[in-house]
Amino acid sequence: MKDPEPQRDAIRAEASRIHESAVFSAQGQFEAAKRWRLIHWSLAVLAAGLSSGTAVITFADGAQAWSAVLAVLAAISTTVLASARPDRLAERAQAAGTGYTTLRNDARRFRGITVPQGDPRDIAGELDALADRAAALDQSADPVPRWAYERARKNMEHDGGQTFEADA
């Protein structure tokens, strides 16, 4: 019988790649979700504030021009809020990040528990299933914006990222 260790090592290496990719993808999606939520709330507060200001200034003597400017700005911020839908983008990024986190956890357990104990012929199929899940997530997730990627990279490289005390 052929030595199963080289095949087991190759499976472990590929599981590590899936794990690493999932870690970075999750972090990027979560960073995007945070920023999209901030944009959503900022635009909503801006629209409400401008609308309120318009209402107040409308009745002030000689301030109708300012009222008109505020009304136009309120309309613009409301239109951007309604058309860009940053709340929806935040929800999609959060869901993708959660999916990548689940994949990360499954890949970590597979690499550390299943691979050392399993028959290489059986675990190769499980690896294919993990790879298929990763591909499906990659295809369904929105691309991570550059600013979210940079923030995720900083978190991972400089701030410790997603490390567990048990792994230290």
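This briefing describes the helix packing and the aromatic pairing of the structure above. The model is predicted: local features require a pLDDT of at least 70, side-chain atom pairs count only at pLDDT 80 or more, and totals for chains, interfaces and linings use all residues. Residues are numbered from 1 along each chain as its sequence is written, and side-chain values use heavy atoms, with hydrogens and water left out.

**Confidence**

- The protein has an average pLDDT (the predictor's confidence in each residue, from 0 to 100) of 89, and 92% of the residues score at least 70.

**Helix 1 and helix 2**

- The axes of helix 1 and helix 2 come within 8 Å and cross at roughly 155°; axes are lines fitted to C-alpha atoms over the stretch in contact, and angles run from 0 to 180 degrees between N-to-C directions.
- Helix 1 and helix 2 are therefore roughly antiparallel (angles over 145 degrees; under 35 is roughly parallel, 65 to 115 roughly perpendicular and the rest oblique).
- Their crossing is left-handed, a term for a near helix turned anticlockwise from the far one by less than a right angle, with clockwise being right-handed.
- The contact (heavy atoms within 4.5 Å) includes L43, A47, L50 and I57 of helix 1 and W66, L70, L73 and L81 of helix 2.
- By class, this contact of helix 1 with helix 2 comprises 13 nonpolar, 9 polar and no charged residues; Ala, Val, Leu, Ile, Met, Phe, Trp, Tyr, Cys and Pro count as nonpolar, Asp, Glu, Lys and Arg as charged, and the others, Gly among them, as polar.

**Helix 3 and helix 4**

- Helix 3 packs against helix 4 (residues 120–140) at about 165°, with the axes 10 Å apart; the two are therefore roughly antiparallel.
- The crossing of helix 3 and helix 4 is left-handed.
- Residues of helix 3 in the contact include R92, Y100, D106 and F110, and those of helix 4 include E126, L130, R133 and D138.
- The contact of helix 3 with helix 4 has 10 nonpolar, 4 polar and 5 charged residues.

- Helix 1 and helix 5 pack at about 125°, their axes being 8 Å apart, which makes helix 1 oblique to helix 5.
- The crossing of helix 1 and helix 5 is right-handed.
- Among the residues that meet are F24, E31, R35 and W36 in helix 1 and W147, R151 and M156 in helix 5.
- This contact of helix 1 with helix 5 has 8 nonpolar, 3 polar and 3 charged residues.
- The whole structure contains 1 aromatic pair, for which ring centres of Phe, Tyr or Trp (its six-membered ring) must lie within 6.5 Å.
- W36 and W147 form this pair, edge-to-face at 5.5 Å centre to centre with 75° between the planes (over 60 degrees is edge-to-face, under 30 stacked and the rest tilted).
- The pair links distant parts of the chain, 111 residues apart: W36 lies in helix 1 (residues 5–58) and W147 in helix 5 (residues 146–158).

Notes: Helices (H or I, at least four residues) and strands (E, at least two) are DSSP runs, numbered from the N terminus.
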